[in-house]
Amino acid sequence: MKHYQKILVCIDQPDQDARMLDYAGAICRVSGTREVHLLHVNSGAAVEGMVPGPVAPEALQNLAAEHLKGHGREDAICRVITGTPLIEILRYGID
């Protein structure tokens, strides 16, 4: 298996994206990943039923604690930023 130093997981809707974190945690355990970044980009364009509203950083930290525990990763770097999702995800991935 390929070894990853960092994994970036973009969270759009925490309740629905939680399953993805179980998979990310398994990858961390197998590949010896050192850093897991959970990122939510608040576009500021929340429209009822179409685009999710802003997510609190605490919600991401709770997801990390619940879904990454026991996979060799007790905590994660959790960020909530504002901007255009595509641009901000790419920008975050480059830094």
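Analyst: Happy to. Two strands count as paired if DSSP finds at least two bridges between them. Please keep in mind that this is a predicted model.

User: What makes strand 1 and strand 2 a pair?

Analyst: Strand 1 and strand 2 are joined by five bridges, in the parallel sense. The requirement is at least two bridges, so the two strands qualify as a pair. Within this pairing, K6 stands opposite E35 of strand 2.

User: Which kind of unit do strand 1, helix 1 and strand 2 make, and why is its hand called that?

Analyst: They form a right-handed β-α-β unit. The hand is called right because, with the strands pointing away from the viewer, the path from the first strand over the helix to the second runs clockwise.

User: Why is I81 called partly exposed?

Analyst: Its relative accessibility is 23%. Buried would need under 20% and exposed over 50%, so I81 falls in between and counts as partly exposed. I81 sits in strand 3 (residues 77-82). Leaving out residues up to four places away in sequence, I81 touches L39, H40, V41, N42 and E88.

User: What makes the buried residues of helix 2 line one face?

Analyst: The buried residues are L60, L63, A64 and H67. Viewed down the axis of helix 2, they fall within an arc of 100°, so they line one face of the helix. The face turned away from that buried side carries N62 and E66, which are exposed. Among the elements covering the buried residues are helix 1, strand 2 and strand 3.

User: Which residues touch the most other members of the largest nonpolar core?

Analyst: I11, L38 and A76 do, in a core of 17 residues. Strand 1 (6-10), helix 1 (14-31), strand 2 (35-42) and helix 2 (57-67) each provide at least two of its residues. Helix 1 gives the largest share, five residues. As for I11, apart from residues up to four places away in sequence, its contacts are D17, M20, L21, L38, L39, H40, L60 and L63.

Key
Residues numbered from 1 in each chain as written. Predicted model: local features only at pLDDT ≥ 70, side-chain atom pairs only at ≥ 80, totals over all residues. Heavy atoms only, no water. Core = buried A, V, L, I, M, F, W, Y, C linked by side-chain atoms within 4.5 Å. Buried < 20%, exposed > 50% of the residue type's maximum accessible area, 1.4 Å probe, protein only. Helix = DSSP H or I, 4+ residues; strand = E, 2+ residues; numbered from the N terminus. Contact = heavy atoms within 4.5 Å. Arc of directions from axis to C-beta.
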